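Let's take a walk through this protein, from its overall build down to a few single residues. Keep the 3D view open and follow along.

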Amino acid sequence: KSSESKKTYGGERPNADGSFNTFPIYHREVRDGWHSNIHCIGENFSDDAWKYRSCHFQNLCYDTEENSYAIFTSPEHIELEKALQHSKRVNFDPASSMNTTVSLGGVNPKWNKDVVALEWYPKILPVEEIQSTGYYALGNDKVLLPYHSLAGFNPGHLVWDDFLPIYTLLSIFGLVSKELVLMRMNVEPTMWASCQTQYSKCAPIIEKFYPLLGTDIQKVSTQNDTQFEIQGEKKSKYICAPNGAAGMGMLTDHGLKLHGWIPEDYETMHNHGRGASVYAFRNWMMENIGIAPETKKIHNAPYKIVFSTASSSQQNRNMTFEKHAQLLEEKLGSKYNIVVIEVVLSQMSLEDQIELVSGCSIFITVCGGGALTAMFLPKGAALFAYFNQGNKYGTPARLDWDLLNNMGYIRSHWLPTRPGEHDFDAFVKLVDHELDVISYE
């Protein structure tokens, strides 16, 4: 890997008028015809449609004095909204109406009625409001994205409930190539298990993982602690981006259900048909940290078999695999050219974790946050996910099954965490089968 291969962004004028959260900004006058536009998708015509909508904004602005967002309407849009408010205009629902809302972040079903705190939309102002002062513009290669973190202290929740929705939102509107200007939004009431209530636990995790988004912790603030620095006299309170996006509610890996704890989690599927987009998300994250995603070859010996040991802080999911590794060496070491590796991924840098897993043939771990790294497996590899056979809900806890079973570029197998001798025999035979498949692909 090489830091020189990390994604870079350009196109900025050399003499900025200041900075916003370290990003260069340039003062601009409001030209004739300048205004905000929106395009929203996901409408389901119900009271909770805000959880499903996602919106793309042209000229999304941040008010540095009120710590809030704003969009500026054209005279034409004002007239449209007046027409839509007519009492006889029923079932008239344009995708560009500004009378709408979205969810700032992924929805945790455990938040119950408090989840309405995530319902959000920028303040709508007439363009005359900004004409006298102009605005400070972010570069054309930037996209401004306010979001709420579901549970960023957990790597699995961070990547699959924050990062995956962010990428999906960018992908929907063709914004993946642009550099993220993220703002982590605080809401009231505060959400249980969110970064807003547990930032001291979130900070070291997001600092480690933010590079996957092409950013770092110094470039991301909440709406209440932004860094707005101007050279000379401040001419405007507004920071505007040519592109903005928001609306992550149903773009997580679980939607309105939990991750596999209760029987109801298995009654519906949320990620069916999402394999290609998840693989694109994988590649995008690897490119952001300077690892070429398509260079790893798994079909040439020696075949790497990686055991992720002690991958969970939960005692009932904190497995080691000494016997499994020993059996593979004894039973298959003379049949195949294999390298068996046992690692504690939490003790490795993020880049080293991805370098290792993206070049292995078989990855063996316990489900939950410890299985996150499996998404960096190369095409054709196999995941062995161990799960607890029962929990307090009486359900085999195949956590994150919905996502892992729909990653079309890998084969996912599920095994019990308390194996008997017959399970060890089946494990060896399954590895034998996988190596046979991999060696002939």
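## Starting at Asn21

Asn21 sits in the loop between strand E1 (18-20) and strand E2 (23-28); helices (H or I, at least four residues) and strands (E, at least two) are DSSP runs, numbered from the N terminus. Its phi is near 50°, a positive value in a residue other than glycine. Most residues other than glycine have a negative phi, and most peptide bonds are trans. Asn21 is also buried, because its relative accessible area is 1% (buried means under 20% relative accessible area, exposed over 50%, partly exposed in between, with a 1.4 Å probe and protein chains only).

Before going further, a word on what you're looking at. This is a predicted model, where local features need pLDDT of at least 70 and side-chain atom pairs count only at pLDDT 80 or more, while totals for chains, interfaces and linings use all residues. Residues are numbered from 1 along each chain as its sequence is written, and side-chain values use heavy atoms, with hydrogens and water left out.

## The whole protein

Zoom out, and the secondary structure comes to nine helices and 19 strands. The C-alpha atoms fill a box of roughly 80 × 50 × 40 Å, taken along the principal axes. How does the radius of gyration fit with a compact globule, and why? With 441 residues, such a globule would have a radius near 22 Å, and the protein has 24 Å, so the two agree. That radius is taken over C-alpha atoms, and the globule rule is 2.2 Å times the number of residues to the power 0.38.

Of the 441 residues, 54% are buried. The protein exposes about 19,400 Å², with carbon and sulfur atoms supplying 48% of it; accessible areas come from the Shrake-Rupley method with a 1.4 Å probe, and for residues, only the protein chains shown count as cover. Among contacts with a separation of 6 or more, 75% are between residues 24 or more positions apart (contact means heavy atoms within 4.5 Å).

## Two helices that pack

Two packed helices are described by the angle between their axes and the distance between the axes. Here, helix H3 (residues 155-172) and helix H4 (residues 199-209) pack at about 60°, with their axes 10 Å apart. Those axes are lines fitted to C-alpha atoms, for helices over the stretch in contact, and angles run from 0 to 180 degrees between N-to-C directions. On the H3 side the contact is made by Pro155, Leu158, Val159 and Phe163, and on the H4 side by Ile205, Ile206 and Phe209. By class that gives seven nonpolar, no polar and no charged residues (Ala, Val, Leu, Ile, Met, Phe, Trp, Tyr, Cys and Pro count as nonpolar, Asp, Glu, Lys and Arg as charged, and the others, Gly among them, as polar).

Which residues of H4 are buried? They are Cys202, Ala203, Ile205, Ile206 and Phe209. Their cover includes H3, strand E11 (179-184) and helix H7 (350-357).

Ser221 lies in strand E12 (residues 221-222) and is buried, with a relative accessible area of 4%. Leaving aside neighbours within four places in sequence, Ser221 is in contact with Asn21, Leu182, Met183, Arg184 and Thr226.

A second pair is Ala241 and Asn59, 182 residues apart along the chain, with C-alpha atoms separated by 5.3 Å. Ala241 lies in strand E14 (residues 238-246) and is buried at 0% relative accessible area. Not counting residues up to four places away, Ala241 touches Asn59, Leu60, Leu138 and Leu144. Asn59 belongs to strand E4 (residues 54-63), is buried at 14%, and has a positive phi near 65°.

## Loops worth a look

Thr395 is in the loop between strand E18 (381-387) and helix H8 (401-404). Is Thr395 buried or exposed? At 5% relative accessibility, Thr395 counts as buried. Its contacts beyond four places in sequence include Trp261, Tyr266 and Gln389. Gly394 is in the loop between E18 and H8 too, but Gly394 is exposed, with a relative accessible area of 62%.

Finally, look for two cis peptide bonds. One joins Glu188 and Pro189, with omega about 0°, and Pro189 is in the loop between E11 and H4. Another joins Ala301 and Pro302, again with omega about 0°; Pro302 lies in the loop between helix H5 (275-288) and strand E15 (303-308).
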